[in-house]
Amino acid sequence: MKKAKQVLHSLLAVLFIPNDFAQEELTTREVSLFAPSLIVSLSALLNILGFLLAQEPLTSAVVNHSYYLSEADLDLLRTLDNLMYINYFTTILGGLAIVPFWIIGTGFVSAWGVLMGGQDEFKRTLALYGYAHTPILLHGLLTILIMLFYPPKIEFDIQSYTPNQFVYHVLAFRDDYLY
């Protein structure tokens, strides 16, 4: 319980008094990587989940209406399905890449600081960069809440489109609203 209160206090301090928090973190505090690691990991997972929640209704719209398509269009749909799986894979991989890039980015900043004549403690810089992911964590949480209460929808009459127009419409909708 004490750790949870410390993490919450740190998150609030990062958001509302960042200069004081950074000064305290740089000078007086004992460095702990628990909270920064938790922030970075949760921000990665929440952003992955948020994007997958946004993508799911678009994928299901194609699958739910695929019985209107001809065999040639079903081949196109299978290709679209494969692209969706690739999209899911890259989303998950990209979200998980936040963690190693947090460490690598901190290494570059630490090395640059040493090259410029500064005295840098890698662990302390890693903690500060971890706390800097707090807005990304809040973004992931907000994205999930929005996707749960206001999921994206494809609303059109499937029967008024030819199969090729339908697939084109779904692709255009996805590109316009997700990228």
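So, burial to begin with: of the 179 residues in the chain, 32% are buried, where buried means under 20% relative accessible area, exposed means over 50%, and partly exposed is in between, with a 1.4 Å probe and protein chains only. Keep in mind that this is a predicted model, so local features need pLDDT of at least 70, side-chain atom pairs count only at pLDDT 80 or more, and totals for chains, interfaces and linings use all residues. Residues are numbered from 1 along each chain as its sequence is written, and side-chain values use heavy atoms, with hydrogens and water left out.

Okay, the surface. The accessible surface of the chain is about 11,300 Å², and 67% of that belongs to carbon and sulfur atoms. Those areas come from the Shrake-Rupley method with a 1.4 Å probe, and for residues only the protein chains shown count as cover.

What is the chain built from? Helices (H or I, at least four residues) and strands (E, at least two) are DSSP runs, numbered from the N terminus.

Now contacts, meaning heavy atoms within 4.5 Å. If you take the contacts in the chain with a separation of 6 or more, 78% of them are between residues 24 or more positions apart.

Let's look at helix H4, residues 71–96, which is where Thr 91 sits. Thr 91 counts as buried, because its relative accessibility is 13%. Who does Thr 91 touch, leaving aside neighbours within four places in sequence? Ile 48, Phe 51 and Leu 52. Not counting residues up to four places away in sequence, Gly 95 touches Ala 44 and Ile 48. Gly 95 and Ile 48 are 47 residues apart in sequence, yet their C-alpha atoms are 5.5 Å apart.

Next, a helix pair. In general, two packed helices are described by the angle between their axes and the distance between the axes. Here, H5 (residues 98–115) packs against H6 (residues 122–131) at about 125 degrees, with the axes 9 Å apart. That makes H5 oblique to H6. The cut-offs go like this: under 35 degrees is roughly parallel, over 145 roughly antiparallel, 65 to 115 roughly perpendicular, and the rest oblique. The axes are lines fitted to C-alpha atoms, for helices over the stretch in contact, and angles run from 0 to 180 degrees between N-to-C directions.

Which residues make the contact? From H5, we have Trp 102, Ile 103, Thr 106, Gly 107, Val 109 and Ser 110, and from H6, Phe 122, Thr 125, Leu 126, Tyr 129 and Gly 130. They divide into 6 nonpolar, 5 polar and no charged. Nonpolar here covers Ala, Val, Leu, Ile, Met, Phe, Trp, Tyr, Cys and Pro, charged covers Asp, Glu, Lys and Arg, and the others, Gly among them, are polar.

In the loop between H5 and H6 you'll find Glu 121, which is partly exposed at 42%. Its C-alpha is 7.4 Å from that of Ser 110, 11 residues away in sequence.

Last stop: Pro 135, in helix H7, residues 134–149. Pro 135 is partly exposed, with 46% relative accessibility.
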